[in-house]
Amino acid sequence: MKSLLCSLLLVASSLLVTTSMKVHAQAPLALDPGLGITTIPLYDTPPPGAANDPADQPTLTVFVPQPGRGRGSAIIVAPGGAYLGLASNLEGRQVADWFTVRGFTAFILKYRKGPQNLFPIPLQDGQRAIRLVRSLAQKYSFAQDRVGIIGFSAGGHLAASTATLFDQDPPASSDSVDQLSARPDFVVLGYPWLNAMEPAQGKEITYCSVTSGVTAAQCAAFMTAYTPKLHVTSRTPPTFIYSTTDDKTVPIRASVEYYEAMVKAGAPVEMHLFGHGNHGSGLGMGDAALDLWPMLLEQWLRDLGLLTQPSNLSPAH
């Protein structure tokens with residue numbers, strides 16, 4: 001299992017995207033008009049709990065649909081990487097492109113990670129991302145009540161955490177962004193690491209086992225505070241879950257237990273489990289079976305009305 005974890009981290013490291021930046025007022029950090037890509041800081045002041053490392057500052061990278069093809073919906077993409085790295089290509093750029101083709105404005109979230117950014121810092125970044133994207137609805141011509149989040153592996157844990165812990169008081173801030181709702185309107189979880197904060201069963205990896213410097217007391221507190229299934233309510237947003245039965249990194253029971261918690265709470269949920277497939281499969285990676293799951297996701301999005309332009313918005317992209 002250690003070798004498997006090492007392989008996972010090597011993949012995450014190889015896909016890691018870093019951005020040199022100066023943090024200020026959500027001004028663009030990088031812009032390529034031809035590609036329609038902009039990167040903006042997540043905070044307009046030093047982030048809460050900041051480690052004062054410019055390379056560690058959280059951002060959103062914005063991908064817009066083709067002009068005239070916007071459908072009035074937005075999605076935040078949270079790549080995985082065991083809270084140590086970010087698979088920003090496989091579980092970031094490729095996913096953002098898939099959504100923009102379907103008329104979404106997509107935002108890849110570079111959230112803080114590593115032992116210098118212990119929970120709740122990644123969650124704070126996830127909640128801030130929901131609020132900031134909601135504040136950008138008019139600028140990018142999508143509806144404020146059509147802001148979702150998709151997360152893979154550790155990013156799936158982060159996405160599920162934002163979906164279940166949005167009722168916390170807003171930050172004590174004069175920033176108008178922080179007064180907006182942090183509740184995502186819909187959630188997509190790809191092979192999510194939903195048992196990240198739970199004690200390991202057998203050789204399973206956990207947040208505490210891969211993150212150095214975490215005390216036993218912190219681990220116990222994290223389990224109670226940040227295990228998503230413990231915080232599911234009827235207000236948990238509509239959720240789509242994809243996973244594989246023989247995932248060797250994240251046990252299938254983590255997804256099943258979250259699904260069952262949502263069903264018990266009366267929260268809308270749809271789950272698709274495939275018999276075989278490695279952890280970290282992204283959008284399918286060419287596997288004849290796994291390539292089907294984005295098709296199922298597209299139908300789910302259509303059923304929610306997210307692929308149809310709202311009558312009060314024009315496709316201005």
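Two strands pair if DSSP finds at least two bridges between them; helices (H or I, at least four residues) and strands (E, at least two) are DSSP runs, numbered from the N terminus. This is a predicted model, in which local features need pLDDT of at least 70, side-chain atom pairs count only at pLDDT 80 or more, and totals for chains, interfaces and linings use all residues. Residues are numbered from 1 along each chain as its sequence is written, and side-chain values use heavy atoms, with hydrogens and water left out.

Q: Why are strands β4 and β5 called paired?
A: DSSP has to find at least two bridges, and 5 join β4 (residues 73–78) to β5, so the two strands pair, in parallel.

Q: What makes the crossover from β4 to β5 right-handed?
A: The chain passes through helix α2 (residues 89–101) on its way to β5. Right-handed means that, with the strands pointing away from the viewer, the path from the first strand over the helix to the second runs clockwise, and this β-α-β crossover is right-handed.

Q: Why is strand β5 called mostly covered?
A: Buried means under 20% relative accessible area, exposed over 50%, partly exposed in between (1.4 Å probe, protein chains only). In β5 (residues 104–110), 7 of 7 residues are buried.

Q: Why do cysteine 208 and cysteine 219 count as a disulfide?
A: A disulfide is a pair of cysteine sulfur atoms within 2.5 Å; here S to S is 2.0 Å, so the pair qualifies.

Q: Why is cysteine 219 called buried?
A: Its relative accessible area is 18%, so cysteine 219 is buried.
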